[in-house]
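Please read them alongside the coordinates.

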Amino acid sequence: MTQVAIASPSRGRSFGAPAARALGRVAAVVVLLLVLVALWELYRWVWTSRGWTWPFLVNDTSMPHVWTILKAFGEPAQANQPSLGSILFHKSLFTAKEAAAGFALGAVVGFALGIVLVHSRFLQRGFLPYIVASQTIPILAIAPMVVIWVNPKLPASLQGWGSVAVIAAYLTFFPVTINTLRGLQSADPRALDLMRTYAASRWTVLWKLRVPTSLPYVFAALKIAATASVVGAIIGELPSGLQSGLGGAILNFNQYYSFEPQELWATNIAAAGVGILFFGAVVVTERLVVRRAPENVA
Amino acid sequence: MSAYARQARDWVPAAAVFVLAIVVWDGSIAAFHIQQFLLPKPTSIVSSFWNERHTLWPAGWTTFQEALGGFVGGSLFGMFVATVVGRFKIVGTALMPIAIAANAIPIIAFAPIFNVWFNPLSPHSKMAISGVLCFLPVMVNTLRGLQSASPRQIELMRSYAASDLEIWRRVRVPTALPFVFTSLKVASVLAMIGAVVGEYFGGSFNALGVLIRSKAQVFQFETAWAGILVASLLGIALYAAVAVTERFVVRWAPETRDS
Amino acid sequence: MSAEHGTPERSVVEIKSLTKTFPRGHVTALQEIDLDLRAGEFVSLIGPSGCGKSTLLRVIGDLIEPTAGSVTVNGKTAKRARADHDYGIVFQDAVLFDWRSVSKNIGLPLELLGWDRARRKARVEEMLELVELTSFADHNPWQLSGGMQQRVAIARALAFEPALLLMDEPFGALDEMTRERLNLELLSIWQQLRSTVVFVTHSISEAVFLSTRVVVMSPRPGRIAGIVDVDLPYPRTVETREAPRYFELVTQVRELLRSRGEHLLPEEEAALAE
């Protein structure tokens, strides 16, 4: 028997409740950020006043003040140029575009391949070992070389950012394929039997049963892939001298680090922002799409 | 169908795909006159792998040590934090979404900063990257594992008037172990990648990532790819070590049972 | 009943004016429950969902705190009784630890009590014999059927020989035949050990078959609707289930459930039907 307390459906949920919760969450995030800033400054203060050098020496270069970093967003990086903030914004957009394009491509292809594989045991046995094994290949390590190789082969309009998108697509494709397959296979055998009693076609079974069951798995992969796409895009930009993205900015500001450390930090904050936004977008999409999953019931 | 026939049926398609892939790869290079120095033949990668082994393996070992250091350090710290946080339920529930969001940050972007903090030539900067990459998944999963004991199990222990420490030792830790090992497998892959890619931003001269990058820059792609092969093999070795340990330690989990 | 066992009719569990409300959802799970359980009795708690029987069991076991009223177990507070290991508990789900063998599972409470290895080993062997699972001592829990797992859970609950045994629908997840077999085994164990048993169940037939008394509860709020004295002789066998008196008692219990069940929904009635 289930636990005893059968709570009566809680009445009194006004329209304000969801809004209040969202506001509460935002407040929590703000508080958290303030706590982090405080910790940063505290660490700084303690280490500089004591002169400790482990794990590393703390000074204005290695750990700039938070305020210095934030101020840097408003100032130009070089004379007579737009502010760092707006430069980083455009670079972020560029990197985001690469990551998003690759993510979308990899997700679609991965999903489609998952659907193909679930219907053919032969193809599964042929390809699955490699797909699984490829996850142990340091794809990120290959990224720069792939970019160099792919770039000339793309049409001119896609050159530059397109080759980086390929990296993101690659990083997305594998987890999405594997999880789509697992998800499609996870349908309750009794539900499959039920569909058979309706003499449902394979297509119907796919779209009415397998795909909805697979969604939690697919989104789990998409969440991983979202972050991976951003990382892949940044790494992919490194060798090719692609200046227009965050990877290029990192390389650039790395060279000037001893003079203007806050610029590199600002770039990292921008990169973190892009990563979190991507991830957040997938989470929000999941909430909307997988509305009936128990975890998402409000 | 006999056992042998079944094994053959399971593996022949994969083997067929492998052979086919090699043939296509080799063939299209010849057919489309793909420039050798950009996408080398598999045979030349293998021969380069063999010829350069005296440079590649020591380099791989250096990088592997960085990865291992980060793996061990990051994982242990992650488990420690999860244990501490797990004692205070409120902190745990508050921390989870933060950790998940933090995981979305491209840690690798911090590689140059780590190089500033620790000498770029020292292995510590790469260990730091691997460590941070390993910390998050291990911490999150250990915490989840520690919280995964069923209410009934806790009730049972309470009926024995067991102390919190005893409950932790006899129930929470064993239930957490499968989760911990899953995350350790993930971390093992991340550690190697972190070390190699971290070295792209700077590292000692006999490190694998530096080697790969420098060979690629002078268009010696066979050696570069051979270096990637070494990195993959080392990554697989670490993963396999964790997987074997898992089989040993966590014999009861559904994934590792004989049935 | 208890007199036939020759045990003194002391009170093992005394419940006075017990009330339990769950603040969230404003549920009154138990209201003004008065109940006396004597040594050696086998008492079933039966009622539809929400009548509070599992809550009552857990209050006796000090796993839930009462809102008002008192619970005395073995002359002590429920909290003290739990600290003194005065009872063993069996849940509907066997709750065995997968990382321990059958023997180690049975030995768990003994480890917590600090028994040394030799003593533990001896007792575990005794218990395995009691539930007839000696050849499965070194098996893993997942290798056992549901019925066998429950027998291990019972062995574990009795390992330190508590005078009181609390059981929360222990056979609810099993099929009918296994259930009937385990009913007979449980009775035999009860009579051997002369413990007091509080047994929560959904099944009227099981309640009547096993018990010396059946406590019928009704929901919203949880109250005792009535108590039926089961005067069937022990030992009870397969034939007991076909005796006319058995059917009379089953009917009596059912009537009690229905009569006080003006709050019963049709599906709840159906769930209690046989």
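1. Chain A has 10 helices and zero strands. Its pattern along the sequence is α-α-α-α-α-α-α-α-α-α. Helices here are DSSP runs of H or I with at least four residues, strands are E runs of at least two, and both are numbered from the N terminus. The radius of gyration of chain A is 24 Å, well over the 19 Å of the globule rule for 298 residues, so the chain is more spread out than a compact globule. That radius is taken over C-alpha atoms, and the rule is 2.2 Å times the number of residues to the power 0.38.

2. A word on provenance. The model is predicted: local features need pLDDT of at least 70, side-chain atom pairs count only at pLDDT 80 or more, and totals for chains, interfaces and linings use all residues. Residues are numbered from 1 along each chain as its sequence is written, while chains are lettered from A and ligands numbered from 1 in the order in which they are written.

3. The C-alpha trace of chain A spans about 75 × 60 × 35 Å along its principal axes. Buried residues make up 36% of its 298 residues. Buried means 20 or more other C-beta atoms within 10 Å of a residue's own; exposed means 12 or fewer, and partly exposed lies in between, with C-beta atoms placed from the backbone. Of the contacts in chain A with a separation of 6 or more, 75% join residues 24 or more positions apart. A contact requires C-beta atoms, placed from the backbone, within 7 Å.

4. How do helix 3 and helix 8 of chain A pack? Helix 3 (residues 84-118) and helix 8 (residues 202-236) meet at an angle of about 145°, with axes 9 Å apart. Axes are lines fitted to C-alpha atoms over the stretch in contact, and angles run from 0 to 180 degrees between N-to-C directions. The contact includes A:Gly102, A:Phe103 and A:Gly106 of helix 3, and A:Leu222, A:Ala225 and A:Ala226 of helix 8. By class, the contact residues are 14 nonpolar, four polar and two charged. Nonpolar covers Ala, Val, Leu, Ile, Met, Phe, Trp, Tyr, Cys and Pro; charged covers Asp, Glu, Lys and Arg; the others, Gly among them, are polar.

5. Between chains B and C, 12 residues of chain B are in contact with 15 residues of chain C. Helix 7 (151-159) and helix 8 (164-200) of chain B each supply at least two residues of chain B's side. Helix 7 of chain B gives the largest share, six residues. That side of chain B has six nonpolar, two polar and four charged residues.

6. Chain C holds an open sheet of four strands, order 2-1-4-5, with antiparallel pairing. Pairing needs at least two DSSP bridges between two strands. Strand 2 (27-38) and strand 5 (76-77) of chain C are the edges. Strands 1 and 2 of chain C pair over eight bridges; C:Thr21 has C:Thr28 as its bridge partner. Their hairpin has four residues between the strands, and C:Gly25 takes a positive phi near 90° there. Five bridges join strand 1 (residues 11-22) to strand 4 (residues 68-73) of chain C, and C:Ile15 stands opposite C:Val71.

7. C:Val216 lies in strand 9 (residues 213-218) of chain C. Is C:Val216 buried or exposed? C:Val216 counts as buried because it has 27 C-beta neighbours inside 10 Å. Beyond neighbours within four places in sequence, its contacts include C:Ile46, C:Ala225 and C:Leu256.

How values were computed
Two residues are in contact if their C-beta atoms, placed from the backbone, lie within 7 Å.
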